[in-house]
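Please look at the structure below before reading the points.

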Amino acid sequence: MIGLLVFVVGLPKDMVYGRIAPAFGLAVFAASVWYTIFALRVVKATGRKDVTALPSGPSAPSIFTVTFLVILPVFLQTKNAEFALQIALVWCFVEAMILVAGSFLGDLIRRNIPRTVLLSCLAGLGMLLLAMNPMLQSFETPTVAFVVMILIFINWFGKSPIFKKIPTGFLLLAVGTALAWAFGLQSPEAIQASMTSFGFSPPTLHIGSFIEGLPHAVPYLASAVPLGLANYVFDLENIESAHAAGDPYPTRAVMLANGLSSTLGMLFGNPFPVTVYVGHAGWKSIGAGIGYTLATGTSMLLVTLFGLGAFLLAVIPMVAVAPILIYIGIVTANQVVRETPKNEVPVIFVCFFPWIANWALTLTNNVLSAAGTTAKAVGADVLAKKGVYYVGLTNLGNGAPLGSMIWGCIAIFAILDKPVRGAVAATVGAVLVLFGVIHSPSVGFAQPAAMPLVYAYLMIAGVFLLKHHLNQRSEIAEAAPVVAAPRQLQESD
């Protein structure tokens, strides 16, 4: 986050380190306090001592979206960092209010969307959004990452840990850091340069910035709605993941905590919403209990208060941390495999496709941008001749969180022969496409490129309704009494 704001966008360092980062740390800390309270309530209600608190963290997609779709274009256009932050704060507030409003429907949605779908969508997120890039980073620096990964396999996946008396998390960081310094991947100069960010910067209220941004923010809020819905889905999936791991948390309370924590951070100058972070099952598998999330939130607050982020990255290489994220992604995917009935397993892979396309679309766009061009300039036909089906990537990859859930529902209701629910899922998909929430790079009503997808979803709904009609006819036929045919008269009669 700091790297994007300082080195990509070009915001003043004093704004990033002195205002945004401390407010960001405060928001994560506030959410971690709530999660700790919720975990203590579960302990009190159940008497169990193996409860794991929910993990708290930033919404990773939001960091990139608000940076590249809000802060960067506004700053480039106006050269006014203060104005760019004001617009972003309003954007964050909209995100937070979607969580607050949606908290009253969360339990209803969890009851109506099968667990297999929720966990499969989360597994796709964990593997592609959380674990894939760290895996690529690991293969760029194998002399560090490979040893860290094998220690993870032995200690966290295996049954006989090595160096049992040393906490594995500490062991991984220590070994990774030592190897990085031994192979010259870290430098003393970086440590010296990072010390310029030291200093105490307590969060300060910036309500005026939010109010000043309100009249000007509407053109930039289009991305807030679909991403707010995506964050809403993330929360649902992570809460369901925790429930599947044995820790039931109240959906409404968790979502309210996230919305209010994000609002608190926004009032102090943080444009990035917080959420239930992915990986509850992974943290639980390595022994995390109630206190770890509060310790994480406290650490985040202290790091941002004293400007220690750059210093820590100068000492501890990211490649030493990356394999831990790979582990969390694997455990998240493994959870859905473990929890899914055999006949529903195909749903897992159906839910993965939008996430794969989303990752590939991001990679393709970044490559084209690095080459100084765009897909539009190159041409979709030219890309298709090279095996890059850019139109398909755009349609499938945009809106992956919701698209993954829609297709998971369509698939599972087809498998379980629940055609009415399948028709509802397909119709919801058509409505989301109609407004540009999924399968579209931007929000808009009845965009020409999206209309074939709208018709296609409605056709799916039609097939489901036909199946429902045929099922009813079959049930009526089976329930009808069997009437014996009249015995033909014999000649003798």
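The model discussed here is predicted. Two packed helices are described by the angle between their axes and the distance between those axes.

**H17 and H21**

- Helix H17 spans residues 345-370 and helix H21 spans residues 400-415; their axes cross at roughly 160 degrees and come within 8 Å.
- H17 and H21 are therefore roughly antiparallel to each other.
- The crossing in which H17 passes H21 is right-handed.
- On the H17 side, the contact is made by Pro346, Val347, Val350, Cys351, Pro354, Trp355 and Asn358.
- On the H21 side, the residues include Ala400, Pro401, Gly403, Ser404, Trp407 and Gly408, together with Ala411, Ile412 and Ile415.
- Sorted by class, the contact between H17 and H21 has twelve nonpolar residues, four polar residues and no charged residues.

**H4 and H12**

- The axes of helix H4 (residues 81-102) and helix H12 (residues 251-267) come within 8 Å, with a crossing at roughly 160 degrees.
- That angle makes H4 roughly antiparallel to H12.
- H4 passes H12 in a crossing that is left-handed.
- From H4, the residues that meet H12 are Leu89, Cys92, Phe93, Ala96, Met97, Leu99, Val100 and Gly102.
- From H12, the partners are Met255, Leu256, Asn258, Gly259, Leu260, Ser262, Thr263 and Met266.
- The contact of H4 with H12 has eleven nonpolar and five polar residues by class, and no charged residues.

**H6 and H16**

- Helix H6 (residues 115-140) packs with helix H16 (residues 318-339) at an angle of about 155 degrees, and their axes are 8 Å apart.
- This makes H6 roughly antiparallel to H16.
- H6 and H16 have a left-handed crossing.
- By class, 18 nonpolar, eight polar and two charged residues make up the contact of H6 with H16.

**Ser209**

- Ser209 lies in helix H10, which covers residues 207-213.
- With a relative accessible area of 9%, Ser209 is buried, because buried means under 20%.
- Apart from its neighbours within four places in sequence, Ser209 is in contact with Arg19, Glu82, Gln86 and Leu89.
- Leu89 is also one of the H4 residues that meet H12.
- Ser209 and Met266 are 57 residues apart in sequence, and their C-alpha atoms are 9.7 Å apart in space.
- Met266 is among the H12 residues that meet H4.

Key:
Residues are numbered from 1 along each chain as its sequence is written. This is a predicted model: local features need pLDDT of at least 70, side-chain atom pairs count only at pLDDT 80 or more; totals for chains, interfaces and linings use all residues. Side-chain values use heavy atoms; hydrogens and water are left out. Axes are lines fitted to C-alpha atoms, for helices over the stretch in contact, and angles run from 0 to 180 degrees between N-to-C directions. Helices (H or I, at least four residues) and strands (E, at least two) are DSSP runs, numbered from the N terminus. Angles under 35 degrees count as roughly parallel, over 145 as roughly antiparallel, 65 to 115 as roughly perpendicular and the rest as oblique. A crossing is left-handed if the near helix is turned anticlockwise from the far one by less than a right angle, and right-handed if clockwise. Contact means heavy atoms within 4.5 Å. Ala, Val, Leu, Ile, Met, Phe, Trp, Tyr, Cys and Pro count as nonpolar, Asp, Glu, Lys and Arg as charged, and the others, Gly among them, as polar. Buried means under 20% relative accessible area, exposed over 50%, partly exposed in between (1.4 Å probe, protein chains only).
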